[in-house]
Amino acid sequence: MDWQRSLRSRLAARCGPKKSEQELKDEEMELFTKYYMEWKGERRSGNASYVNIPRFYYRLPAEDEILLQKLREESRAVFLQRKSRELLDNEELQNLWFLLDKHQTSPMIGEEAMINYENFLKVGEKAGPKCNSSQLRSLLNYSIMILMGEYLSCSFSIMSCEKDLENYILELIPTLPQLDGLEKSFYSFYVCTAVRKFFFFLDPLRTGKIKIQDILACSFLDDLLELRDEELSKESQETNWFSAPSALRVYGQYLNLDKDHNGMLSKEELSRYGTGTLTNIFLDRVFQECLTYDGEMDYKTYLDFVLALENRKEPAALQYIFKLLDIENKGYLNVFSLNYFFRAIQEQMKIHGQEPVSFQDVKDEIFDMVKPKDPYKISLQDLINSSQGDTVTSILIDLNGFWTYENREVLVASDNDNTADVDDT
């Protein structure tokens, strides 16, 4: 019987000489290659032209193709490791700067040192295999930007998701001397604060991803890397969103607003933000449109709120506020929308014992400032193009902002008087 012969053959094979570990591996690889090629062959056409035309498209593996997914992940990891080894480390970068400085060529152009092509080639030879009439500092800065681009590419692939950027900044913190004073317990809040600025301004559609080109093209990375300067002035730190004083200021404000200490902000708690003069109508819209948890705002949502109100001249901030002002979701503001928000300003003026200003006068001034394409509708693009978006939004949502606009001539005169007094002394 066939099964008897098979059994005898199997027993005879087991009694034979034992195979070495390498032979077993070779046999395993041979079987894997055989079955893989058989599987792959089922999905290929028998067209003879495939022998000569190289394949240029490889579909992504499906969820149930675990082996192919593992193979793809491993290949990508090996590729990124190889690319990372090709990059200059800090010591090699410093050596490059030393060589460029040593081989600079006279004469200097202003304060900038120059290098000719002959010396540039010498630097390339001495700098090693990784570095294969230009300004030295510009060349170094260019090298740093290329290096950062490569690091970002290796870290994030083509698009950067929020988690990728969080990991990158977390790893960057120990390399920035200006952040040495931060407690490790604050790292997670610092990372959240830093990452939100990137995504608030570079991801206007809220896709959760940012192009690496956009990260490199904007000034945010420069501001972040500016913290490498151990002698960075206090003024520069105060204006740099990524500095330790700035991050602690924003987080400190959040904690001060959180009166019940539950880690979240209610509408009543948020109403004390800044000068405490934001209208209730506007705050209602914030909690209607923004992500909340049981009617309360977390720190990440608060950061978007702060970035919008502190940067009202920026298109991304105007987009944030415009969405709140557009109560009818029509894509434009009409007289009804303006009146809806300005009535809250008038009510606050009455509470403070002031005579309410006529809405008709304010409406006319807003349309005169913006000059929209449609004389009865103000679009987001109209606000941005007018360069008056910050003023218009302040008039509609903040009593203090409206008072500043209404008394602008008095404030300017007062500033001029103060300047004259200083000059006299």
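Lysine 267 is partly exposed, at a relative accessible area of 28% (buried means under 20%, exposed over 50%, partly exposed in between, with a 1.4 Å probe and protein chains only). Its side chain meets that of aspartate 284 in a salt bridge of 2.4 Å, N to O, where a salt bridge is a side-chain nitrogen of Lys or Arg within 4 Å of a carboxyl oxygen of Asp or Glu. The two residues are 17 apart, with lysine 267 in helix 13 (residues 267–270) and aspartate 284 in helix 14 (residues 280–289). Aspartate 284 is also partly exposed, at 28%.

This is a predicted model: local features need pLDDT of at least 70, side-chain atom pairs count only at pLDDT 80 or more, and totals for chains, interfaces and linings use all residues. Residues are numbered from 1 along each chain as its sequence is written, and side-chain values use heavy atoms, without hydrogens and water.

The protein chain has 22 helices and seven strands; these are DSSP runs numbered from the N terminus, helices being H or I of at least four residues and strands E of at least two. Of its 425 residues, 37% are buried.

Ten salt bridges are found in the whole structure. One of them joins arginine 196 to aspartate 304 at 3.2 Å, N to O, linking helix 8 (residues 187–202) with helix 15 (residues 299–310) across 108 residues. Arginine 196 is buried at 6% relative accessible area, and aspartate 304 is buried at 13%. Salt bridges with shared partners connect Glu162, Arg196, Lys300 and Asp304 in one network.
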